[in-house]
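Thanks, everyone. I'll take the sheet, then the helices, then a few backbone details. Please look at the screen.

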Amino acid sequence: MKLIIAGSTGFLATELTRQSLSNPLITSLITLGRKPCPPPDPSTLLPNADLSKLKSVILEDFDRDDYPESIKSDLSNADACIWTIAITPAQLKTVPWETTVKVCRDYAVTGIKVISSLTDKRPFRFVYVSGANAERDPAKKPLLLGDYCVLRGEAENRILEFGKTSGGRVEVAIAKPGIISGPTKETGVLARVFFGVVGIGKVRVGQVAGALLEEVAKGFERETYENEDLVRVGSGTVAGGE
């Protein structure tokens with residue numbers, strides 16, 4: 001299986017890469033980002049990691065309707081793509097809203113259109129990593145980070161619609177993790193209390209990565225993976241159960 005991970009340097013993308021290198025079902029791994037994918041830390045690699053199947057592809061400008069031919073060549077004939085590129089809530093104060101809309105919604109919509117057009121694999125599977133509080137119905141805009149939550153929900157709607165109108169050519173799933181933690185990223189006590197009050201659950205980064213890799217390889221069991229689904233599926237995988 002040829003897998004594309006969009007967002008090569010992020011927290012989740014790094015774990016997806018680490019697990020993919022040891023996954024025998026993944027024979028070719030492409031990381032797509034504005035910066036090169038950093039070499040994996042040897043001390044963190046899982047048994048049987050195969051670095052030869054990893055290729056870092058750089059797309060400096062995602063703000064476009066199509067990709068350069070050189071990029072298309074590297075992305076061609078993929079079986080699946082996991083899209084992790086986004087502006088996080090913590091970045092909202094420093095990123096203009098117009099840029100946030102492009103990164104969270106437009107880049108992903110263009111990505112699924114372009115990448116799915118480059119493969120004959122049926123079905124091509126695409127996962128959009130959103131957030132637990134994303135809201136697809138603008139009438140239900142949350143009080144906390146309302147515009148952002150509706151934006152992420154709008155992205156979900158557009159990507160789901162693309163899959164539904166593809167005639168079975170593209171299968172789409174939305175992942176809605178809660179607060180992701182890991183060995184290098186723990187949530188503080190006050191933050192845990194706050195997120196608990198607003199009803200956002202916790203999940204380990206290994207569980208999210210394990211769940212997504214399991215599903216793109218074997219087929220989606222559902223259209224939307226809530227936080228509890230990612231914990232359940234991810235805990236049953238070798239790396240996700242660490």
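Predicted model: local features only at pLDDT ≥ 70, side-chain atom pairs only at ≥ 80, totals over all residues.

Seven strands form an open sheet, in the order β3-β2-β1-β4-β5-β6-β9, and the pairing is parallel. Which strands stand at the edges? They are β3, residues 54-58, and β9, residues 224-225. Each has a single partner strand, so one side of each is left without a neighbour in the sheet.

Strand β2, residues 28-33, runs parallel to β3, and 5 bridges join them.

Now the helices. Helix α4, residues 146-164, lies across β5 (124-129) and β6 (170-175). Its angle to β6 is about 160°.

Next, a helix pair. Two packed helices are described by the angle between their axes and the distance between the axes. For α6 (residues 205-218) and α7 (residues 227-235), the axes come within 7 Å and cross at roughly 80°. That makes α6 roughly perpendicular to α7, because angles from 65 to 115 degrees count as such. Who meets whom? On the α6 side we have Gln-207, Gly-210, Ala-211, Leu-212, Glu-214 and Glu-215; on the α7 side, Leu-230, Val-231, Val-233, Gly-234 and Ser-235. By class, this contact has 5 nonpolar, 4 polar and 2 charged residues.

Is Thr-100 buried or exposed? Buried, because its relative accessible area is 0% and the cut-off is under 20%. Beyond its sequence neighbours up to four places away, Thr-100 touches Ile-87, Leu-92, Val-95, Arg-105, Tyr-148 and Leu-151. Tyr-148 and Leu-151, both on that list, fall within the residue range of α4, 146-164.

Last, the backbone. Most residues other than glycine have a negative phi, and most peptide bonds are trans.

First, the peptide bond from Arg-122 to Pro-123 is cis, with omega near -5°. Pro-123 sits in the loop between α3 and β5.

Then Asn-48, in the loop between β2 and β3. Its phi is near 65°, which is positive, and it is not a glycine. Asn-48 is exposed, at 73% relative accessible area.

Finally Leu-145, in the loop between β5 and α4. Leu-145 also has a positive phi, about 55°. At 34% relative accessibility, Leu-145 counts as partly exposed.

That's my tour. Over to you.

Notes:
Residues numbered from 1 in each chain as written. Heavy atoms only, no water. Buried < 20%, exposed > 50% of the residue type's maximum accessible area, 1.4 Å probe, protein only. Contact = heavy atoms within 4.5 Å. Pairing = 2+ DSSP bridges. Helix = DSSP H or I, 4+ residues; strand = E, 2+ residues; numbered from the N terminus. Axes fitted to C-alpha atoms, helices over the stretch in contact; angles between N-to-C directions. Parallel < 35°, antiparallel > 145°, perpendicular 65-115°, else oblique. Nonpolar A, V, L, I, M, F, W, Y, C, P; charged D, E, K, R; others polar.
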